[in-house]
Amino acid sequence: MAGIPGLLLLLLVLLLLLCAVGQGSPTGAHWKPTWPAYRLPVILPQSTLHLAKPDFGAKAKLEVSSSCGPQCHKGTPLPTYEEVKQYLSYETLYANGSRTETRVGIYVLSSGGGESAGKSRRKRQIYGYDSRFSIFGKDFLLNYPFSTSVKLSTGCTGTLVSEKHVLTAAHCIHDGKTYVKGTQKLRVGFLKPKFKDGGRGANSSSAAVPEKMKFQWIRVKRTHVPKGWIKGNANDIGMDYDYALLELKKLHKRKFMKIGVSPPAKQLPGGRIHFSGYDNDRLGNLVYRFCDVKDETYDLLYQQCDAQPGASGSGVYVRMWKRQQQKWERKIIGIFSGHQWVDMNGSPQDFNVAVRITPLKYAQICYWIKGNYLDCREG
């Protein structure tokens, strides 16, 4: 393993990481949208510093907004090697309130502002006819992939990505300056039937009435937030690093969804993405939606999936063919972040935005989950 010697070389390598090998051609009669194979970088901790305990004084924001749209992002200079290392360094918050900062190294294997917040914005996150679907009944809610969606006690959504890890948006636990109120006692809610089969009330409702559900909560052991999100270290494009990983205090025993590197939008099946979340206007309901990707940058996907506050932090996923295992597989390729006003040729247009899991972000999140870079060689 060798470090990357120069800034220009690193930037070229990072861009080339998005170039997939072995991708099928869509012109064949039996073509399947196939998960690309990527040459992935390695991100390893270099040093850890102990920080003062935060005050947990921030107010939870269920959405974030930015006026920097696709053209703004595309026109931003690429970060230097040292800047990338700084953005991918991270803070860890523990349940006892202690906090550390971990600085990382990046390697490759030598072998092989728009509108003000208010009621008007809330309405603008629904585009034309409301195309969201509320998921009812335990036969759906408790089955994959809907069962991977969980609710955070701060009001956001998260997605199960391992036996004890939840992927969500950074703004759900940190406002860019400090941790939000309630993060020290952060919990993750799993939607379950109010009554077990055969228990009281099991036969009291007709089939036409959706079965009542409740949340069962598990405490969070620790959280990871990239320094790229935290103000002072962040670049001018705040949403690029709006993701966080939560580690639960105990195993959840549900099927989880793996993370994957986000393919280019043109390689997504039908050009569409999917995600499910706990939108605030449908309290207690899990809401599923899918829509076309309208634009993309290296770090973000722009789409107009109908969504409301509370859905942020949802895992954005697609289903593609896994050539090695000869099977279809869903993977999370992004995290739903929030809302953006975009200046399109002098006319304001609004999008909902998802943070893409790039090769570097995949390497970082996978290391948080696995604790061993050797288990993170396949994206």
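1. A disulfide is a pair of cysteine sulfur atoms within 2.5 Å. The structure under review is a predicted model, and a search of the whole of it finds three disulfides.

2. Another disulfide joins Cys 291 to Cys 305, S to S 2.0 Å. Its S-S torsion is about -100°, so this disulfide is left-handed. The bond links distant parts of the chain, 14 residues apart: Cys 291 is in strand β15 (residues 286–296), and Cys 305 is in the loop between β16 (300–303) and β17 (315–322). Cys 291 and Cys 305 are each buried.

3. Cys 366 and Cys 376 also form a disulfide, and their sulfur atoms are 2.1 Å apart. With a torsion of about -90° about the S-S bond, the disulfide is left-handed. Here Cys 366 sits in helix α6 and Cys 376 in the segment after α6, so that distant parts of the chain, 10 residues apart, are linked. Buried means under 20% relative accessible area. Cys 366 has a relative accessible area of 4% and is therefore buried; Cys 376, at 4% relative accessibility, counts as buried.

4. Which residues touch the most other members of the largest nonpolar core? They are Leu 88 and Leu 167, in a core of 67 residues. Helix α6 (residues 359–370) supplies the largest share of this core, seven residues. Apart from it lies another core, of 17 residues, including Ala 265, Val 293, Met 320 and Ala 354. As background, nonpolar side chains in soluble globular proteins tend to be buried together.

5. Leaving aside neighbours within four places in sequence, Leu 88 is in contact with Ile 43, Val 104, Ile 106, Tyr 241, Tyr 243, Leu 360 and Gln 364.

6. Is Ile 173 buried or exposed? At 0% relative accessibility, Ile 173 counts as buried. Its place is in the loop between β9 and β10. Neighbours within four places in sequence aside, Ile 173 is in contact with Leu 152, Tyr 179, Val 180, Thr 183, Leu 186, Thr 223, Val 225, Ala 244 and Leu 246. Between Ile 173 and Gln 184 there are 9.4 Å in space, C-alpha to C-alpha, and the two are 11 residues apart in sequence.

7. Where does Thr 358 lie? Thr 358 is in the loop between β19 (347–356) and α6. Its relative accessible area is 3%, so Thr 358 is buried. If neighbours within four places in sequence are left aside, Thr 358 is in contact with Val 261, Tyr 298 and Asp 299.

Definitions and conventions: Residues are numbered from 1 along each chain as its sequence is written. This is a predicted model: local features need pLDDT of at least 70, side-chain atom pairs count only at pLDDT 80 or more; totals for chains, interfaces and linings use all residues. Side-chain values use heavy atoms; hydrogens and water are left out. A nonpolar core is a set of buried Ala, Val, Leu, Ile, Met, Phe, Trp, Tyr and Cys residues joined through side-chain atoms within 4.5 Å. Buried means under 20% relative accessible area, exposed over 50%, partly exposed in between (1.4 Å probe, protein chains only). Helices (H or I, at least four residues) and strands (E, at least two) are DSSP runs, numbered from the N terminus. Contact means heavy atoms within 4.5 Å.
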